[in-house]
Amino acid sequence: MSGEKQPIIRLRGIVKRFYIGQPNELEILHGIDLDVNEGEFVAIVGESGSGKSTLMNIVGALDKPTQGSYLLDGIDMTAAKDGELSALRCRKIGFVFQTFNLIGRTSALKNVELPMLYNGVGAAKRTARAKELLELVGMEKRMDHQPNELSGGQKQ
Ligand SMILES: Nc1ncnc2c1ncn2[C@@H]1O[C@H](COP(=O)(O)OP(=O)(O)O)[C@@H](O)[C@H]1O
Ligand SMILES: [Mg+2]
């Protein structure tokens, strides 16, 4: 084992149930084992309603599993408290949401800056980095546009 890199994401026996203890209790994830290594590009594929978003919410630290263990970069995410999860999400996870979650009536630039604001990055550095990132995805002419003035792809 020595010298071998541990996976960046390591799931073992992940179970997710909704309405726990109620007669209509639903088990959506039945014990998922998954390793994702650094630099790996992984797609999770399955029919609608099969539990992809439920799993991604757990991987993204937006929700906790009912059972099982999840290590993100060696950190036990099932033991982390809400505040710690927020900090870890901010530093270690990037999301592209299906339903954007942008702040309305706020420019693309300010929307991109927001996570850096939460992370304590200074104003000048924040703006410079947000511009750089928007340029990277070809949106240099859309920085001052608000979410309702952007295409679906531009919002993502
Ligand atoms: N918060 C919830 N409470 C109860 N059932 C849920 C909840 N979220 C999702 N489900 C159910 O879990 C199943 C999987 O949903 P989801 O993970 O969104 O599927 P997918 O993303 O693969 O289409 C669906 O049947 C859905 O109705
Ligand atoms: Mg989904």
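1. Does alanine 130 count as buried or exposed, and why? Alanine 130 counts as buried because its relative accessibility is 0%, where buried means under 20% relative accessible area, exposed over 50% and partly exposed in between, with a 1.4 Å probe and protein chains only.

2. The model is a predicted one, in which local features need pLDDT of at least 70 and side-chain atom pairs count only at pLDDT 80 or more, while totals for chains, interfaces and linings use all residues. Side-chain values use heavy atoms, with hydrogens and water left out, residues are numbered from 1 along each chain as its sequence is written, and chains are lettered from A and ligands numbered from 1 in the order in which they are written.

3. Alanine 130 belongs to helix H4, residues 123-136; helices (H or I, at least four residues) and strands (E, at least two) are DSSP runs numbered from the N terminus. Not counting residues up to four places away in sequence, alanine 130 touches Leu109, Val112, Glu113 and Met116, contact meaning heavy atoms within 4.5 Å. Valine 112 is 18 residues from alanine 130 in sequence, with 5.6 Å between their C-alpha atoms.

4. The domain assignment, which is automatic or from a database, gives domain 1 (9-81) and domain 2 (108-155). Their centres, taken over C-alpha atoms, are 30 Å apart.

5. The largest pocket holds about 1300 Å³ of space; on a 1 Å grid over the protein atoms alone, a pocket is an open set of points where a 1.4 Å probe fits, with protein on both sides within 12 Å along at least five of seven lines, and lining residues have an atom within 4 Å of a point. Of its 35 lining residues, Gly94, Phe95, Asn111, Val112 and Pro115 are the closest to its centre. Helix H3 supplies the largest share of this lining, seven residues.

6. The second largest pocket holds about 950 Å³, and of its 25 lining residues the closest to its centre are Met56, Val59, Gly60, Gly94 and Phe95. H1 gives the most to this lining, with five residues.

Terms used
Grid points are joined across faces, edges and corners, and a volume is the space filled by probe spheres set on the points.
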